[in-house]
Amino acid sequence: MKLIFLGPPGAGKGTQAERIAERYEIAHISTGDMLRSEIRNATLLGAEAKAYLDRGELVPDSVIIDMVRDRIQREDCKNGFLLDGFPRTVVQAQALQDFTDIDFAVNIDVPFERLVARISGRRMCPDCGAAYHVSSYKAETCQKCGAKLYQRDDDREETVANRLKVYTEKTAPLIAYYETQGKLFTVDGDAQIDAVTEEIMKGLDA
Ligand code: ADP
Ligand code: ZN
């Protein structure tokens, strides 16, 4: 099974992707996590990407396309994979289509006015990538691995507005792109985490 998760920043893609990938035993590939890990490891790619992430802009298509193309060749993808955060532009979607056929694009729909609060309250684990929200999780360390949580630089309110604008301009057109291909499946992301997971699984199993 080869899946794509679409949705604006803060829709819960990462949280749902992790659960769905585990359930179907496919690789969870988050381009955002990959880029943040490149930045943390101070690689050349990380140095190039950092300026874009900090401004809430997209990393150039060519960079991200090469990164994903390599990643999906790895052994852990032979059962399938779930792309979380890719494609984010029509050019990326076309490139992906040139190297593989995806089965479904799951679109997680959340009203725009909810997103800022969701993103600005988000806290991340630097080690395992788990995400928490300050409204429901009060501890300062990760429940899964114990690392100290942090706030992503691009989750600050100043940058969030630009990320939402970039999403609307560059990524939202992918909804129509996959709809036309008959691959789109939209779920209501403005519900309890477990309920959203259920809805996605029901859709995929059907
Ligand atoms: P979110 O979905 O919450 O916005 P991500 O962790 O998926 O966050 O992405 C964080 C940042 O990483 C993006 O704002 C962008 O700068 C960069 N990025 C991730 N995926 C891509 C992509 N497919 N194309 C270009 N840039 C990307
Ligand atoms: Zn952790």
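**Ground rules.** I'm working from a predicted model, where local features need pLDDT of at least 70, side-chain atom pairs count only at pLDDT 80 or more, and totals for chains, interfaces and linings use all residues. Residues are numbered from 1 along each chain as its sequence is written, chains are lettered from A and ligands numbered from 1 in the order in which they are written, and side-chain values use heavy atoms, with hydrogens and water left out.

**Ligand 1.** G85 uses its backbone: one of its N or O atoms sits 2.8 Å from a nitrogen atom of the ligand. The protein covers 96% of the 550 Å² of accessible area that ligand 1 has on its own (Shrake-Rupley method, 1.4 Å probe).

I then went through the shell, meaning residues with a heavy atom within 4 Å. It holds 19 residues, and T31, E57, G85, Q92 and R163 are the closest. Helix α2, residues 31–40, gives the most to it, with 4 residues (helices are DSSP runs of H or I, at least four residues; strands are runs of E, at least two). By class I noted 7 nonpolar, 4 polar and 8 charged residues; Asp, Glu, Lys and Arg count as charged, and Gly is among the polar ones.

**Zinc ion, ligand 2.** Which atoms hold it? The protein donors are the SG atoms of C125, C128, C142 and C145, at 2.3 to 2.4 Å (donors are N, O and S atoms within 2.8 Å of the metal, or 3.2 Å for Na, K and Ca). Their spacing along the chain reads C-x2-C-x13-C-x2-C. The angles among the 4 donor atoms run from 98 to 122 degrees, and the site is tetrahedral (for four donors, all angles between 85 and 135 degrees).

C142 is buried at 4% relative accessible area, while C145 is partly exposed at 40% (buried is under 20%, exposed over 50%, partly exposed in between).

**Two more residues.** N107 is in strand β4, residues 104–109, and is buried, with 5% relative accessibility. Its side chain makes a polar contact of 3.3 Å with that of T186 (a pair of N or O atoms within 3.5 Å, one able to donate a hydrogen and the other to accept it).

P173 belongs to helix α8, residues 173–180, and is partly exposed at 36%.

Definitions and conventions: Four donors count as tetrahedral if all angles lie between 85 and 135 degrees; four count as square planar and six as octahedral if opposite donors are over 155 degrees apart and all others between 65 and 115; anything else is irregular. Buried means under 20% relative accessible area, exposed over 50%, partly exposed in between (1.4 Å probe, protein chains only).
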